[in-house]
Amino acid sequence: MERKINEPCVFKTGFTLAEVNLIKYPFNLLSNNRLDKLLEEAARKKKSHIACELIMPDGTKRVWRVNPSIELGYTRPFDKKVFMTILKLVTDEGLPPPVVWELGSLRRVCQTMGLEDCGRNKRLVKESLIRISQTAIYAEVFYLKERGEFWREKPGSLGGSFTLWNVIWRGEKLPNGEIADSIYLAFNIPFIWSLQAYYVCPLDYEYWLSLPPLAQRLYELTGRRFYGLTLSEYARYDYEELCQLLPLQPQKYLSDAKRILDRAHDILKSTGWFSKVQWVIKKAPKNKRPWEILYYPGPRAKEEIAQAKERLAKLRQLGLSPVDIETELMEKARIEYFVDEIEKITGDTHSKATYIKIVKALPDDVLWRFLSELKADYLHGPLTVRESLAAIFMDKVKRYCQEHGLDIGIKFKT
């Protein structure tokens, strides 16, 4: 399939460009132990084991929660490896990916991960692709960089639920009606919006792959903060905040907290990612653990950041500034999304050019309101209303343009 958005991006390197929200917040458990018991406990308590509660600057509380697949359970370390491998393959082909992206084969994933090309490993990869497709994220903190705001599933909401992708297997029908001759992934909103907007962070894929799960996660989290270090020589984490982001169960005693985390700290120090890790006792309320951890970047971290900045400078020299590209890409994605919604609700697939003009001209909140009203008309209106949703939509647009004195280049029926 051809890309709907065809822009050049980075060249092939050992790096993968990982989506920032999926780096900042947890996506998988860090252990394969007690998975069945954890799933039973989550169902009983109606509470996910992969969740963050964040207090925003205005004092409001926002949530990030990963809800496991009913069929296949929680995402686990192997699933994260498959997820990062998908991003590596997307990076190698060039961001942004098309909404429907050709993965190819299970063999390709195994080979990229350094796994033996055998039936067992292919089954594991296939199960992982399915598990990820069935894992729902409920997020009130999924940040859309180009808009400077958090994603909302619908107007008035704090966030919403989404999955990262749908899998289209060989022999199944693609969105354009063709039959897939290999495996495709259909990336979902808002995940695809982030990739299209270059809201990504470079990670050394081979280095990441060589680390155990807890060290992988610390590499992801601290790497993102190291990129932003300017006035400080270290990245600071509150212990309880860090436990949510990893995720780990917070320990009651400092000795236990150190025992668990210092294993990963030692690996990252020995490989040059950290130069030093410092535990600090601070003042804190009685119900909160009074510990902070200071992470100092090592030679590997400094070199990785320098290389990333050099690549960014080359992109700008080529006239491919991500800041300039983001706006264009997001507008294309926005138009495509709203036009698809209008066509689905009205059943009219012959007026695309007209709908594109409307979407370009009208604000998002107005479009959302019109679409919501159309859905209500369809559900509750008489049959005659249901048969003329396209006409009702055009009438709404006409009235809006008249009220606001807009000329959007369309001749409305009188």
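This is a predicted model: local features need pLDDT of at least 70, side-chain atom pairs count only at pLDDT 80 or more; totals for chains, interfaces and linings use all residues.
Colleague: How many nonpolar, polar and charged residues does the lining of the largest pocket have?

Modeller: The lining of the largest pocket has 27 nonpolar, seven polar and 13 charged residues, and the pocket itself has a volume of about 1,600 Å³. Of the 47 lining residues, those closest to the pocket centre are His-49, Ala-51, Cys-243, Pro-247 and Leu-248, while helix H2 gives the most to the lining, with six residues.

Colleague: Turning to charged pairs, which side chain meets that of Asp-204 in a salt bridge?

Modeller: In general, side chains of opposite charge can pair when their charged atoms come close. Here the side chain of Arg-300 meets that of Asp-204 at 3.8 Å, N to O, and because Arg-300 lies in helix H11 and Asp-204 in strand S11, the pair ties together parts that are 96 residues apart in sequence.

Colleague: Is Asp-204 buried or exposed?

Modeller: Buried means under 20% relative accessible area, so Asp-204, with a relative accessible area of 17%, is buried, whereas Arg-300, at 29%, counts as partly exposed.

Colleague: Where is Leu-203 found, and what is Leu-203 in contact with beyond its neighbours within four places in sequence?

Modeller: Leu-203 is found in strand S11, residues 200-204, and counts as buried at 1% relative accessibility. Beyond those neighbours, its contacts include Phe-15, Ala-18, Met-84 and Tyr-219.

Note on methods: Residues are numbered from 1 along each chain as its sequence is written. Side-chain values use heavy atoms; hydrogens and water are left out. On a 1 Å grid over the protein atoms alone, a cavity is a set of points where a 1.4 Å probe fits but cannot get out, and a pocket is an open set with protein on both sides within 12 Å along at least five of seven lines; lining residues have an atom within 4 Å of a point. Grid points are joined across faces, edges and corners, and a volume is the space filled by probe spheres set on the points. Helices (H or I, at least four residues) and strands (E, at least two) are DSSP runs, numbered from the N terminus. Ala, Val, Leu, Ile, Met, Phe, Trp, Tyr, Cys and Pro count as nonpolar, Asp, Glu, Lys and Arg as charged, and the others, Gly among them, as polar. Buried means under 20% relative accessible area, exposed over 50%, partly exposed in between (1.4 Å probe, protein chains only). Contact means heavy atoms within 4.5 Å. A salt bridge is a side-chain nitrogen of Lys or Arg within 4 Å of a carboxyl oxygen of Asp or Glu.
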